[in-house]
Amino acid sequence: MALHKGGMVYKYVESSTPETDDVECHPRNSRICATYLEFPTESGVYSQFSRFGPVEYLKILTGKPVAYVKFPRASCAESAVEAYASGGEGLIGVKMAEVRDEQGRSRVLESALSPEDLPPRSRLFVVLSREASANPGEVEATFSRFPDFVSIRILPGLAFVKFTTASKAAECIEYFEENPTPWYRTITLAQPKDGPGGPRGAAGGF
C-alpha cells in the first residue's frame, strides 16, 4: 500500500506501474475508473472487479469516492465497463480511465459520432498482407469465427471489422497478438469515423 497522486495504491502484481499508467498504460485501455455512491474499501473494490480478470492494482482516491482498477488485458477492462456502465451494486458508473498525451489530450476513444462506431472501441482496423488482400473470402471467414462478430468491410490492403461489444473487439486483438500471422500486419482499434484529430485509416474511417 502506498500513497500516490491523491489516492492509496494497492498492488497485487509487483511489476505493475501505477506511477505512470495515467500517461502510458500498457496494454491500451486496460485501466478503468469506477465512481461510487460512497467511499469504497480495498476489499470491496477487489471483490467487485476481480471477477472480470486478474487485478494488477487498485487506486482509491482519498478525496472522492472513486477507484481505479488495472487489468492485464483490455478485454477484462472492457467487460467491467460494459457490466457497470450504468451503475449498480453501489456504483454510479464505470468508464475507461483516461490516458493523456503530452499535450494533455485524452487518448481514450469514448466519443463516436457515427452509428458504425457504437459502442465506442468496437470496430477494428486491419492492415492486410498482399496474400490476405488476394483472398477476401478467407479474411472474412477468419474474423466471422469470433464471438459477437457483426460485419467486415474489405478494401485494398486493409479491412474494418465490427463487433457487438468493445470487449469482444479487444479479445480479437489479443488473440492475434498471442497468435501472430503474416496475413494481418496490424490489428488495432479504428478511430471514430467522424472523430476529432488524427489521420484517416486507423484513426479515421472507411
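The points below go from the whole chain down to a single residue.

1. Ground rules. This is a predicted model, in which local features need pLDDT of at least 70 and side-chain atom pairs count only at pLDDT 80 or more, while totals for chains, interfaces and linings use all residues. Residues are numbered from 1 along each chain as its sequence is written, and side-chain values use heavy atoms, leaving out hydrogens and water.

2. Overall make-up. The chain holds five helices and ten strands, taken as DSSP runs (H or I, at least four residues, for helices; E, at least two, for strands) and numbered from the N terminus. Of contacts (heavy atoms within 4.5 Å) between residues at least 6 apart in sequence, 65% link residues at least 24 apart.

3. Surface and interior. Of the 206 residues, 44% are buried; that means under 20% relative accessible area, with exposed over 50% and partly exposed in between (1.4 Å probe, protein chains only). The accessible surface is about 10,500 Å², by the Shrake-Rupley method with a 1.4 Å probe, and carbon and sulfur atoms account for 53% of that surface.

4. Val150. This residue lies in strand 8 (residues 149–155) and counts as partly exposed because its relative accessibility is 47%. Leaving aside residues up to four places away in sequence, Val150 touches Lys162, Phe163 and Thr164. Lys162 is twelve residues from Val150 in sequence, with 5.4 Å between their C-alpha atoms.
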